[in-house]
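Colleague: I am new to this structure and would like to learn how to read it. Could we go through the features in turn?

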Amino acid sequence: MRVVIAEDSVLLRAGLVEVLEKFGIEVAAATADADGLLKAVGQHQPDLVIVDVRMPPTFTDEGLRAALVLKRQNPDTKILVLSQYVEERYATELLSEQTSGIGYLLKDRVADVREFVDALNRVASGGTALDPEVVAQLLVRRRNDPIDRLTRREKEVLALMAEGRSNSGIATALVVSDSAVAKHINNIFTKLDLTESPDNDHRRVMAVLRYLRNEP
C-alpha cells in the first residue's frame with residue numbers, strides 16, 4: 001500500500017511515517033497543508049490518503065475541504081480523516097459524498113497501532129472505518145426517523161457495522177452467535193427499506209450512511 005499523509009503537527013506526521021513504514025506501508029509523501037496534499041496526490045496517485053481536518057492557514061476545515069476536492073475529482077480515492085475532536089458537520093459532509101473507501105478516526109486511536117493499521121487496510125480495500133465516538137454522535141436522530149424502528153440491540157449492531165466490523169467481529173463484541181448477528185442485520189435492512197441485493201456489502205454501507213446522513 002502507498003499512502004500520502006497531510007498533517008500539520010511535525011511530531012504526529014513523523015510518528016505516522018515511522019509507524020506505517022514499520023508495517024511495510026510506503027509513504028509516498030508527507031505534507032503539512034492542504035495545497036501540499038493536493039499536489040502530492042496528483043503526483044503519486046496513492047492507494048490511500050490520510051488527512052487531518054484542521055490545517056494551515058486557518059486551522060478550521062482545510063483538510064476536510066481538500067478531501068472533498070479529491071473525492072469529487074476521483075470518487076475512487078480512499079481517504080482516512082484524522083481529527084482531534086468529533087467534527088459532526090465535517091463527518092456528515094464527507095460521508096454524504098461517497099459510500100466506500102472512507103474512514104474517520106479520532107487521533108487518540110492512533111495510539112493503538114494495530115487497530116489503526118487495520119483501519120487503514122479496511123479503508124484502502126474500499127470499506128469504512130468510523131470511530132465509535134463519531135458513530136455515537138451521528139446516530140442521534142430526530143423523531144419519526146427510521147432509527148425508531150430498531151430495537152436497542154439492532155442499534156448496537158448498526159453502530160458496530162459503522163465501525164467497519166465484520167459479522168464475526170460484531171458477534172465477538174456483543175457475545176452472541178454469528179447467526180444472531182445475521183438475523184439482526186437482516187432486520188435492520190428490512191426496517192430501513194433496503195431491498196434484497198446480490199451485493200450484501202453495498203446494503204451494509206447504505207444502512208450505515210442512511211443514519212449518518214440523517215435521511216428518512
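**Salt bridges and cores**

Modeller: Start with the salt bridges, of which there are 7. A salt bridge here is a side-chain nitrogen of Lys or Arg within 4 Å of a carboxyl oxygen of Asp or Glu. This is a predicted model, in which local features need pLDDT of at least 70 and side-chain atom pairs count only at pLDDT 80 or more, while totals for chains, interfaces and linings use all residues. Residues are numbered from 1 along each chain as its sequence is written, and side-chain values use heavy atoms, with hydrogens and water left out.

Colleague: Which residue meets lysine 22 in a salt bridge?

Modeller: Glutamate 18, at 3.5 Å from N to O. Both lie in helix α1 (residues 10-22), 4 residues apart, about one turn of the helix. Helices (H or I, at least four residues) and strands (E, at least two) are DSSP runs, numbered from the N terminus.

Colleague: Is lysine 22 buried or exposed?

Modeller: The general idea is relative accessible area: buried means under 20%, exposed over 50%, and partly exposed in between, with a 1.4 Å probe and protein chains only. Lysine 22 counts as exposed because its relative accessibility is 66%. Glutamate 18, at 46%, is partly exposed.

Colleague: What does lysine 107 form with aspartate 52?

Modeller: A salt bridge, with the closest N and O atoms 3.1 Å apart. This pair links distant parts of the chain, 55 residues apart: lysine 107 is in the loop between β5 (102-106) and α5 (113-124), and aspartate 52 is in strand β3 (residues 48-52). Lysine 107 counts as buried at 17% relative accessibility, and aspartate 52 is buried at 5%. A network of salt bridges links Glu7, Asp52 and Lys107.

Colleague: How many residues does the largest nonpolar core have?

Modeller: A nonpolar core is a set of buried Ala, Val, Leu, Ile, Met, Phe, Trp, Tyr and Cys residues joined through side-chain atoms within 4.5 Å. The largest one has 44 residues, and those with the most contacts inside it are Leu37, Val51, Ile79, Met161, Ile188 and Ala207. Apart from it lies another core, of 19 residues, among them Val3, Leu48, Leu80 and Ala119.

Colleague: Which residues is methionine 161 in contact with?

Modeller: Contact means heavy atoms within 4.5 Å. Leaving aside neighbours within four places in sequence, methionine 161 is in contact with Thr128, Ile170, Ile185, Ile188, Phe189, Arg204, Ala207 and Val208.
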